[in-house]
Amino acid sequence: MWGARIAEAAARTSSLRLVTCYARDAEQCRAFADEQGVEAAASLEAAIETDGVEVALLVTPNDVHAEQALACAERGVHVFVEKPIASTLEDAERMRDRFEEAGLVLAVGHGMRRLGAARRVKELLDEGALGTVVLAEANWSLPSRLSPQAWRWYRERGRGGPLLQLGIHHADTLAYWLGPVARSFGTFARLSTPAETEDVGVVGLEFEAGPVGVITGSYVSPRTYFLRLYGDRASLEYEVDMTVWPHAEKADGGTTLTLRTTESAEPVGFEWRDPLAEELDELARSVRGEVVYETGPDEAIAALRVVLDALHPA
């Protein structure tokens, strides 16, 4: 599903051209290749060794990100990998180190900070519109009809459930807004689904700059996406009408930003953006050496650490 969204986003840029594809399911891979007008590869190795391939877009299960990315690095291929960067910090750090040694770009798909509403929130914070921020709240919930055929069914492959798949975006966005997280802690449970993995979770946050926060998420509740910041001068409510999902390019159109003070509640305007196309366009520019990719391995490892530290307290 998300592979199709990334391919569509690539088509909305002038920077990337899809050359080939590979997937575990041969029938689905052929169908995808037909839709995109490319030849399907017989293996990952064959795909990344195809003439003309400069970058691999890895839209694959978390626990194979490291082996696939490292295979690309061995062949001199730059990588865009969907979040989370990997399923363990050790794998993520190996990926970071290998790509740095090889002089290759390792870009991670933390695209939600690129939404126009998220960029506007950053501007408001920099302007001091909220005063001193003391508290942050965020939730991303999506009902997920998991089956044993899905890798996310299994706890050993998808630990943390909605927090590692969805809430990790909030971990990145909140760090972009408020600075690094100093400590995280949490609780996770399987309450409603037959799947092995957790279907609900809560992660508490302590930021280095002082604020505290919480990220929550569920695989069984109606589609929900919100962030709220509370300052000593004003609070800010950010909510997305998730009927637009999974079309991230439509998210800003379904978003409301509200700035609240003791006297008023004012809507905040912002520019609508296409976060997936923007991140892929920036990927191309980073490969050409024109820019440094915004969410590279360091930012991705920081977001991963937030969730894993809550899952595995010291």
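Predicted model: local features only at pLDDT ≥ 70, side-chain atom pairs only at ≥ 80, totals over all residues.
A disulfide is a covalent bond between the sulfur atoms of two cysteines. The cut-off applied here is 2.5 Å, and the structure accordingly holds zero disulfides. Seen from the other partner, Cys29 is likewise in no disulfide, with the sulfur of Cys21 as its nearest cysteine sulfur at 3.9 Å. Cys21 counts as buried because its relative accessibility is 9%, and Cys29 counts as buried with a value of 4%; the threshold for burial is under 20%.

The protein is built from nine helices and 13 strands. For 314 residues, a compact globule would have a radius of gyration near 20 Å, and the 19 Å found for the protein agrees with that expectation. The C-alpha trace extends over about 60 × 45 × 40 Å along the principal axes. Buried residues account for 51% of the 314 residues. Of the contacts between residues at least 6 apart in sequence, 68% join residues at least 24 apart.

Leaving out residues up to four places away in sequence, Trp177 touches Ala118, Val121, Lys122, Leu125, Leu227, Leu229 and Tyr238.

Helix α4 (65–74) is largely enclosed by the rest of the structure, since eight of its 10 residues are buried. The buried residues are His65, Ala66, Gln68, Ala69, Leu70, Ala71, Cys72 and Ala73. They pack against α3 (44–48), β3, β4 and α5. Just after α4 comes Gly76, which takes a positive phi of about 75 degrees.

Leu89, Asp91, Ala92, Met95 and Phe99 are the buried residues of α5. Because they cover an arc of only 165 degrees around the axis, they sit on the same side of α5. The face turned away from that buried side carries the exposed residues Glu90, Glu100 and Glu101. The cover over the buried residues of α5 includes α4 (65–74), β4 (78–82), β5 (106–109) and α9 (297–311). Gly103 follows α5 with a positive phi, near 70 degrees.

Helix α8 (residues 275–287) passes the corresponding check, as its 13 residues should span 18 Å and its end C-alpha atoms are 18 Å apart. Its buried residues are Pro275, Leu276, Ala277, Glu279, Leu280, Glu282, Leu283, Ala284 and Ser286. These pack against α1 (2–11), β3 (55–58), β4 and β5. After α8 comes Gly289, whose phi is positive, near 80 degrees.

Glu282 is found in helix α8, and its relative accessibility of 11% makes it count as buried. Apart from residues up to four places away in sequence, Glu282 touches Arg114, Val291, Val292, Tyr293 and Glu294. Glu237, in turn, has its place in strand β11 (residues 235–240). With 27% relative accessibility, Glu237 counts as partly exposed. Setting aside its neighbours within four places in sequence, Glu237 is in contact with Leu227, Arg228, Thr256, Leu257, Thr258 and Arg260. One of these, Leu227, is also touched by Trp177. The C-alpha atoms of Glu237 and Arg119 are separated by 14 Å, although the two residues are 118 residues apart along the chain.

How values were computed: Residues numbered from 1 in each chain as written. Heavy atoms only, no water. Buried < 20%, exposed > 50% of the residue type's maximum accessible area, 1.4 Å probe, protein only. Contact = heavy atoms within 4.5 Å. Helix = DSSP H or I, 4+ residues; strand = E, 2+ residues; numbered from the N terminus. Arc of directions from axis to C-beta. Expected span 1.5 Å × (residues − 1). Rg over C-alpha atoms; globule rule 2.2 N^0.38 Å.
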